[in-house]
Amino acid sequence: MDVKYDAIIIGLGPVGSFMALKLEKFGLKVLAIDKEKDIYPLPRAVSISDQGMRMHQSLDLENIYYKNSDVPGGAGFVDENLDFIGEPLTMKGLNTPNGWPPMRFFHQPYTDKEIRNKLFKSSCNILVEHELIEINDLEESSCSIKNLNTNEINCYEYKYLIGADGANSKVRDLKEIKQEDLNYDRNWIIIDIELITDKELGEFAIQICDPKRIGTYIPTYSPFKRWEFEIHDNDDVDEFSSDENIHKLISPWLRPEEYKILRKAIYQFHSVIAEEFQKDNCFLIGDAAHQNPPFMGEGMMTGCRDAENLAWKIIMDFTHNLSDNLLKNYQIERKAHAKFIVENSLGIGLLMEAYAHTENKDDVPPELVAKGYGSFIIPPLDEGIFFKGKSNAESMSGQLFPQPVKISNGDVTERCDYLLGDYFSVISRKEIILSDDEKKFLASINTKILILDSEMVDSNMWMSTMVDENKIYIVRPDKYIFGSTDEKISLSNLIEDLKIRIGFNN
């Protein structure tokens with residue numbers, strides 16, 4: 001064996017890179033590999049959500065996305081005349097409980113380049129032009145990695161192996177993990193262009209419900225724009241992707257001399273989810289675990305949620321040698337959540353088709369209409385490392401705790417997640433009384449005790465509706481609420497249950 005690593009990460013797209021930097025921050029010895037020498041030079045992912053920006057704050061990466069992105073005006077469904085069907089969703093000027101606008105559109109080559117530079121400056125061992133070829137779990141956990149330039153093969157031991165290697169995941173294949181197909185397979189063309197004029201195309205992302213051909217327009221980071229169009233079975237694929245046809249497709253918006261085509265790629269949109277997110281000490285995150293049509297703009301974000309969820313469990317398992325129950329809850333928490341995104345992403349595709357092929361839009365079934373912007377409300381986590389093992393609407397366990405922010409004249413001037421720390425936190429508006437044993441336990445897992453400033457609570461409508469004088473919260477490292485006190489549940493009840501959930505035996 002050459003070297004033993006705490007974690008080996010296969011794949012260095014945005015999700016794998018985020019995971020590598022997250023684990024490296026907490027002192028793990030990380031090897032991260034990618035088959036390609038350089039970042040992909042053209043845009044693929046284009047959207048980062050409010051929770052995505054919040055997650056990247058913990059690594060000081062949020063500014064990379066902030067400076068390379070725009071906030072859209074909103075999103076909506078339109079007919080063949082580009083008139084809105086119903087009321088569009090407005091985003092401009094809105095900040096969510098995470099302290100950010102609901103969505104930003106970014107230019108991936110810019111952000112990936114800066115994040116790759118961060119990786120090379122980190123203590124992670126980064127091997128590009130290397131490929132995973134074998135996983136050996138018979139004795140000590142190890143994998144064989146091939147240098148694609150020299151064909152040399154080296155073997156590396158690991159405690160955790162993480163597949164962030166995309167839809168065609170080698171980790172998933174080698175671990176013989178099957179996928180569940182949710183039966184939405186459609187061929188689409190994705191067109192990315194760069195404007196060479198100052199023409200204004202509107203700030204709204206739109207789902208185009210045209211009976212002749214459904215499509216999507218995304219006002220990505222200026223001067224870049226994206227269109228996606230469904231390819232019909234009787235279309236000639238080569239002819240469909242010609243420049244001449246692309247000019248025709250986007251002629252309602254632009255003339256050919258007003259833009260430069262950056263990319264035209266034909267994809268089959270899938271809706272699939274891995275049957276297992278964990279097998280032995282191997283884990284799947286991102287597209288290796290789930291793939292969905294891009295209609296919600298949540299593909300990369302779902303992968304980042306995977307990484308955030310798995311990272312804190314690995315970090316606590318690594319630093320405190322906790323029971324296997326902690327890591328087993330990764331799949332319990334993430335699979336149902338990811339499946340919601342997959343199902344509702346394909347639901348938006350089905351709604352587009354229904355609007356396109358129904359003369360009276362009011363005749364579209366309400367349950368399908370609910371898949372439109374109802375699906376943009378990401379649900380709480382349902383089951384896992386929460387009080388009594390289950391989320392609860394009354395205690396708000398399973399929901400994200402709002403980010404503490406400072407607000408001036410209605411604008412967020414400072415985002416203060418750092419007050420919660422990187423591990424568990426106990427949060428209240430008044431003094432927290434703990435026994436000596438409770439203090440010892442909480443200190444042993446690096447828990448932050450936070451007494452919220454009244455001005456910070458009262459100036460933030462999200463915080464003020466949740467944090468009253470008599471409520472104490474325990475918040476997880478990923479900022480999901482573990483549980484909260486009420487007339488029946490004491491802080492001691494929460495702490496004792498937390499010990500059980502994380503497998504604390506000291």
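The model is predicted, so local features are described only where pLDDT is at least 70 and side-chain atom pairs count only at pLDDT 80 or more, while totals for chains, interfaces and linings use all residues. Residues are numbered from 1 along each chain as its sequence is written, and side-chain values use heavy atoms, with hydrogens and water left out. The secondary structure comes to 14 helices and 27 strands, where helices (H or I, at least four residues) and strands (E, at least two) are DSSP runs numbered from the N terminus.

**Overall form**

- The radius of gyration of the protein is 24 Å, which agrees with the value near 23 Å that a compact globule of 506 residues would have; the radius is taken over C-alpha atoms, and the globule rule is 2.2 Å times the number of residues to the power 0.38.
- Taken along the principal axes, the box filled by the C-alpha atoms is roughly 75 × 60 × 40 Å.
- Of the 506 residues, 57% are buried, a term that means under 20% relative accessible area, with exposed meaning over 50% and partly exposed lying in between (1.4 Å probe, protein chains only).
- The accessible surface comes to about 22000 Å², and carbon and sulfur atoms account for 46% of it; such areas come from the Shrake-Rupley method with a 1.4 Å probe, and for residues only the protein chains shown count as cover.
- Among contacts (heavy atoms within 4.5 Å) between residues at least 6 apart in sequence, 70% join residues at least 24 apart.

**The seven-stranded sheet**

- An open sheet of seven strands, with mixed pairing, has the order β6-β5-β14-β15-β16-β13-β17; two strands are said to pair if DSSP finds at least two bridges between them.
- The edges are held by β6 (89-90) and β17 (259-269), each with a single partner strand, so one side of each is left without a neighbour in the sheet.
- Strand β14 (residues 204-208) is antiparallel to β15 over three bridges, with glutamine 207 opposite threonine 216 in β15, and the two strands form a hairpin with six residues between them.
- Strand β15 is joined in turn to β16 by four bridges in the antiparallel sense, glycine 215 having phenylalanine 229 of β16 as its bridge partner, and a hairpin of five residues links these two strands.
- Strands β13 (residues 186-195) and β16 (residues 224-230) are antiparallel over seven bridges, and isoleucine 193 stands opposite lysine 225 in β16.

**A parallel pair**

- Strand β24 (residues 425-428) also has both faces covered, with Ser425 and Ile427 buried on one side and Val426 and Ser428 buried on the other.
- Four bridges pair β24 with β25 (residues 448-451) in the parallel sense, and serine 425 has lysine 448 as its bridge partner in β25.

- Helix α1 (residues 14-25) has 12 residues and end C-alpha atoms 16 Å apart, which agrees with the 16 Å it should span at 1.5 Å a residue; the expected span is 1.5 Å times one less than the number of residues.
- Of the 12 residues in α1, 11 are buried, including Pro14, Phe18, Met19 and Glu24.
- Helix α9 (residues 324-357) has 34 residues and reaches 51 Å from its first C-alpha to its last, close to the expected 50 Å.
- At arginine 334, α9 bends by about 25°, the bend being the angle between axes fitted to the seven residues ending there and the seven starting there.

- Glycine 27 follows α1 and has a positive phi, near 90°; its place is in the loop between α1 and β2 (30-34).
- Glycine 27 counts as exposed at 54% relative accessibility, and its C-alpha is 9.5 Å from that of aspartate 6, which is 21 residues away in sequence.
- Lysine 159 has its place in strand β11 (residues 153-163) and is partly exposed, with a relative accessible area of 32%.
- Residues up to four places away in sequence aside, lysine 159 touches Tyr5, Asp6, Asn281, Asp317 and Phe318.
- Lysine 159 and aspartate 50 are 109 residues apart along the chain, and their C-alpha atoms are separated by 32 Å.
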